[in-house]
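User: Hi! Could you walk me through this model?
Analyst: Happy to, here it is.

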Amino acid sequence: MCLWEMGDLTLDFARFCCAINMHHAASYQYQAYPPTPTEALEAGRVFSLPQSKVQKAAREVISAVERWQEFASVAGVSGEDAEKVSRVIRL
C-alpha cells in the first residue's frame with residue numbers, strides 16, 4: 001500500500017484516487033482495488049491473462065491465505081494481532 005506522509009496527514013493513494021474519482025494504474029474494471037482471489041477465480045480472465053494461469057494463481061493465494069493463522073503462529077505474531085489481520089483479509 002502506498003502511503004504519503006505530509007505533516008500530520010497520511011494519505012493512502014488508492015483511497016485518495018477513489019475519493020476524487022480517479023483509478024490507480026493497477027485498477028481493474030474501474031475498481032479502486034484489484035480483484036480478490038475469489039473474484040479472480042470466478043472471473044476466469046483478469047488483465048488479459050489466460051484463464052488457466054489466473055485460476056492457478058488464485059487457488060494458490062487462497063490456499064496460502066487460508067493458512068494465515070498457522071503462519072502467524074510460526075512467526076510469533078500475537079494471537080490478538082493475528083486475529084486483527086484475519087478480520088481484514090478478503091478472499
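**Burial and helix packing**

Analyst: To start, 21% of the 91 residues in the protein are buried, where buried means under 20% relative accessible area, exposed over 50% and partly exposed in between (1.4 Å probe, protein chains only). This is a predicted model, so local features need pLDDT of at least 70 and side-chain atom pairs count only at pLDDT 80 or more, while totals for chains, interfaces and linings use all residues. Residues are numbered from 1 along each chain as its sequence is written, and side-chain values use heavy atoms, leaving out hydrogens and water.

User: Thanks! How many helices and strands does the protein have?
Analyst: There are 5 helices and 2 strands; these are DSSP runs numbered from the N terminus, helices being H or I with at least four residues and strands E with at least two. Along the sequence the pattern reads β-β-α-α-α-α-α.

User: Where is A58?
Analyst: A58 sits in helix α3, which covers residues 51-65.

User: And is A58 buried or exposed?
Analyst: A58 is buried, because its relative accessible area is 4%.

User: What does A58 touch, away from its sequence neighbours?
Analyst: Not counting residues up to four places away in sequence, A58 touches P37, A40 and L41; contact here means heavy atoms within 4.5 Å. The C-alpha atoms of A58 and P37 are separated by 4.7 Å, although the two residues are 21 apart along the chain.

User: Which residues of α3 are buried?
Analyst: In α3, V54, Q55, A58 and I62 are buried. They cover an arc of only 95° around the axis, so they lie on the same side of α3; the arc is taken from the directions from the helix axis to the C-beta atoms.

User: What do those buried residues pack against?
Analyst: The buried residues of α3 pack against α2 (37-43).

User: Which residues are exposed on the other side of α3?
Analyst: S52, K53 and K56 are exposed there.

User: Switching topic: at what angle do α4 and α5 pack?
Analyst: Helix α4 (residues 68-75) and helix α5 (residues 79-88) pack at about 150°, with axes 10 Å apart. Axes are lines fitted to C-alpha atoms, for helices over the stretch in contact, and angles run from 0 to 180 degrees between N-to-C directions.

User: So what does that make α4 relative to α5?
Analyst: That angle makes α4 roughly antiparallel to α5; under 35 degrees counts as roughly parallel, over 145 as roughly antiparallel, 65 to 115 as roughly perpendicular and the rest as oblique.

User: Which residues meet there?
Analyst: W68, Q69 and A72 in α4 meet A82, E83, V85 and S86 in α5.
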